[in-house]
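Have a look at the fold before reading on.

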Amino acid sequence: MPTKKKPQVTAATAEPPAAPDRRSELLGTAAEVFAEQGYNATTVRKIADHAGMLAGSLYYHFDSKESMLEEILRTFLDELWDGYDTVLGAGLEPRETLEALVTESFREIDRHRAAVAIYQKESKQLVAQERFGFLAESQRRFEKAWLSTLERGVAERAFRADLDVRLTYRFVRDTVWVAASWYRPGGQHSPDEIARQYLSMVLDGIAVRE
C-alpha cells in the first residue's frame with residue numbers, strides 16, 4: 001500500500017504572513033533593541049534573538065532592519081502629528097496651546113518610549129539618508145509649531161516680553177523628550193501627571209511665592 005507523501009515545507013508555508021498583532025509585536029521588540037543597543041550595532045539576528053525566532057524567519061515579515069526602523073519612526077511621528085495638529089487647530093490661547101503640546105508629548109513618550117529614544121539618538125545621522133528624509137521635514141514642522149506658539153504668547157502678553165523664544169523652545173524641546181531615557185510606562189506617575197508637574201515648574205517656577 002503506497003504511503004502518503006509528507007507535504008513539503010516551502011518558503012510560502014514555513015512562515016505565514018504576519019498578522020497585524022504579530023507585526024506590531026515584532027516592531028516593538030525591534031524598537032527596544034534599537035533604543036538599547038543603537039541602530040548601527042543592531043543586526044537582524046539580534047532582533048530575531050530577542051523575538052525568539054530565527055533570523056531567516058524575520059525576513060518573512062520585513063526585508064531589512066532599515067524597513068523596520070522606518071516603520072517604527074513613521075508610526076510614532078504620524079501619531080504625534082495627529083495629536084499636535086488637533087491641538088494647533090483647536091483655537092486655544094497660547095498658554096493652553098503650550099500646555100496641550102507638552103501633555104501630548106508626554107503621552108507619546110508613554111505610547112512610543114523606545115521610538116522616541118531612537119529618534120533622539122539617531123535622527124541626526126539618519127536624516128542624511130534619503131529613506132529617512134521625512135525626519136527633517138518633521139523637525140521643521142516641530143520647530144515651527146513651538147516657536148509660533150511662544151511668539152504668539154509674547155505678542156498677546158501671555159508670556160514675558162523679554163522671553164527669548166528660541167532659547168525657550170530649545171529648553172522645552174530637550175527637557176521634555178529626554179524623559180524617554182528614564183520614563184517607564186505603568187510607573188508611579190501617569191504621563192498627564194508628569195506633564196502637569198513639568199508645566200508647573202516651567203510656567204510657575206519652583207520657588208514659594210510670597
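Predicted model: local features only at pLDDT ≥ 70, side-chain atom pairs only at ≥ 80, totals over all residues.

The chain holds 10 helices and 0 strands, so reading along the sequence gives the pattern α-α-α-α-α-α-α-α-α-α, with helices as DSSP runs. Of its 210 residues, 40% are buried. Among contacts between residues at least 6 apart in sequence, 69% join residues at least 24 apart.

Let's zoom in on helix α10, residues 191-204. With 14 residues at 1.5 Å a residue, α10 should span 20 Å, and its end C-alpha atoms are 19 Å apart, which agrees. Which residues of α10 are buried? They are Pro 191, Ile 194, Ala 195, Tyr 198 and Leu 199. These residues lie on the same side of α10, because they cover an arc of only 130° around the axis. In general, an α-helix has 3.6 residues a turn, so residues three or four places apart point the same way. The cover over the buried residues of α10 includes α6 (94-111) and α9 (165-177). After α10 comes Gly 205, with a positive phi near 80°.

Now for the open space. The largest pocket has a volume of about 440 Å³. Among its 18 lining residues, Tyr 119, Gln 120, Ser 123, Gln 139 and Arg 173 are the closest to its centre. The elements giving two or more residues to this lining are α5 (65-88), α7 (113-126), α8 (134-155) and α9. The lining divides by residue class like this:

| Class in the largest pocket lining | Number of residues |
|---|---|
| Nonpolar | 9 residues |
| Polar | 4 residues |

Methods
Residues numbered from 1 in each chain as written. Heavy atoms only, no water. Helix = DSSP H or I, 4+ residues; strand = E, 2+ residues; numbered from the N terminus. Expected span 1.5 Å × (residues − 1). Buried < 20%, exposed > 50% of the residue type's maximum accessible area, 1.4 Å probe, protein only. Arc of directions from axis to C-beta. Contact = heavy atoms within 4.5 Å. 1 Å grid on protein atoms, 1.4 Å probe; cavity = no way out; pocket = protein on both sides within 12 Å on 5 of 7 lines; lining within 4 Å. Points joined across faces, edges and corners; volume = space filled by probe spheres on them. Nonpolar A, V, L, I, M, F, W, Y, C, P; charged D, E, K, R; others polar.
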